[in-house]
Amino acid sequence: MVPFAYKANDLDIYVVVGTDLFIIEEHRTDVGNIIQLLNASVKHAKENGITACIGFPNDNSNNVSRAFLKEKRIGLLDTYILPYKIGDYKASMKLLNPFSILFSNCLLGLSHLSSSNNIADTIIRKVRPQFEQTRFKWFNPTDYHLYQNNEMQCVWKISAFEGVKACFLMDVYPLTARNFDKAVRKMVSDVKKECGLFLYVGHLHFTPLSMVKIPRRFEPKAFRFDCRILDKEKLSKVDVFNIDNWEVDLSSYDLL
């Protein structure tokens, strides 16, 4: 469990992100081992002032998360895509690259019309700049690309996902429609020669002009967002189990 500083209704709290569970293979048939390990972890978190545990379980860990960690579903994150070179997704579709490039350039051009600077009223949010000082030191720090100006900052990373190379927009701050679309344009401009697929996974309070939302039935992966409240005096169920109240995206956990 990795702790992060959060604000909840302007109250300072710590939230832990479940990142790894390991049990030697010959001991995995004993459910008691899983329960003992998870209970010890949660007990340790409570003793150290942690307010909540959040998790993003994949297909393999989903049942463990809900049954043993007693986490409840906040919601599902959305996946947005800009298929700049659709042939990067499937080699058989390479002949369609000119059309996907034209379509993507139309979206990017249209995104210049994005002017809203309304910031989402997320009452549970990451504490900055502490967040950036630690989160992007994971894995290979040089793989994270930071763009920053006087108005906003964003981070992206090129990585393989479900066997396909893609560039992921991981974080935009402050998160507004104008900043998001500007981040996408900057990301594409910088890396379109080495990567043709651009993705964002998170929860947006607006409809971006630079990317299209993938319908649930076509999403390559379900991005589940769960939570278990450890300190009910600091966090209420009403606040926690409404995804609109959270600042959440790929930077919130350890997928990339």
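What follows is a short exchange about pockets and a helix.

Author: Please keep in mind that this is a predicted model.

Reader: Okay, what volume does the largest pocket have?

Author: The volume of the largest pocket comes to about 660 Å³, and 25 residues line that pocket, with G18, T19, D20, L21 and S61 lying nearest its centre.

Reader: And which elements give two or more residues to that lining?

Author: Those are helix 1, residues 31-47, and helix 2, residues 62-67; the largest share, three residues, comes from helix 1.

Reader: How does the lining of the largest pocket split by class?

Author: There are 13 nonpolar, seven polar and five charged residues in the lining of the largest pocket.

Reader: What about the second largest pocket, which residues line it?

Author: That pocket has a volume of about 310 Å³, and its lining includes I81, I86, Y89, F161 and E162, along with L197, L199 and P220. By class, the lining of the second largest pocket holds 11 nonpolar residues, no polar ones and one charged residue.

Reader: Switching topic, how many residues does helix 5 have?

Author: Helix 5 spans residues 177-191 and has 15 residues, reaching 21 Å from its first C-alpha to its last, which is close to the 21 Å expected at 1.5 Å a residue.

Reader: Which residues of helix 5 are buried, and what covers them?

Author: Among the buried residues of helix 5 are A177, F180, D181, M187 and V191, and what covers the buried residues of this helix includes helix 3 (97-110), strand 8 (153-161) and strand 9 (164-173).

Technical notes
Residues are numbered from 1 along each chain as its sequence is written. This is a predicted model: local features need pLDDT of at least 70, side-chain atom pairs count only at pLDDT 80 or more; totals for chains, interfaces and linings use all residues. Side-chain values use heavy atoms; hydrogens and water are left out. On a 1 Å grid over the protein atoms alone, a cavity is a set of points where a 1.4 Å probe fits but cannot get out, and a pocket is an open set with protein on both sides within 12 Å along at least five of seven lines; lining residues have an atom within 4 Å of a point. Grid points are joined across faces, edges and corners, and a volume is the space filled by probe spheres set on the points. Helices (H or I, at least four residues) and strands (E, at least two) are DSSP runs, numbered from the N terminus. Ala, Val, Leu, Ile, Met, Phe, Trp, Tyr, Cys and Pro count as nonpolar, Asp, Glu, Lys and Arg as charged, and the others, Gly among them, as polar. The expected span of a helix is 1.5 Å times one less than its number of residues. Buried means under 20% relative accessible area, exposed over 50%, partly exposed in between (1.4 Å probe, protein chains only). Contact means heavy atoms within 4.5 Å.
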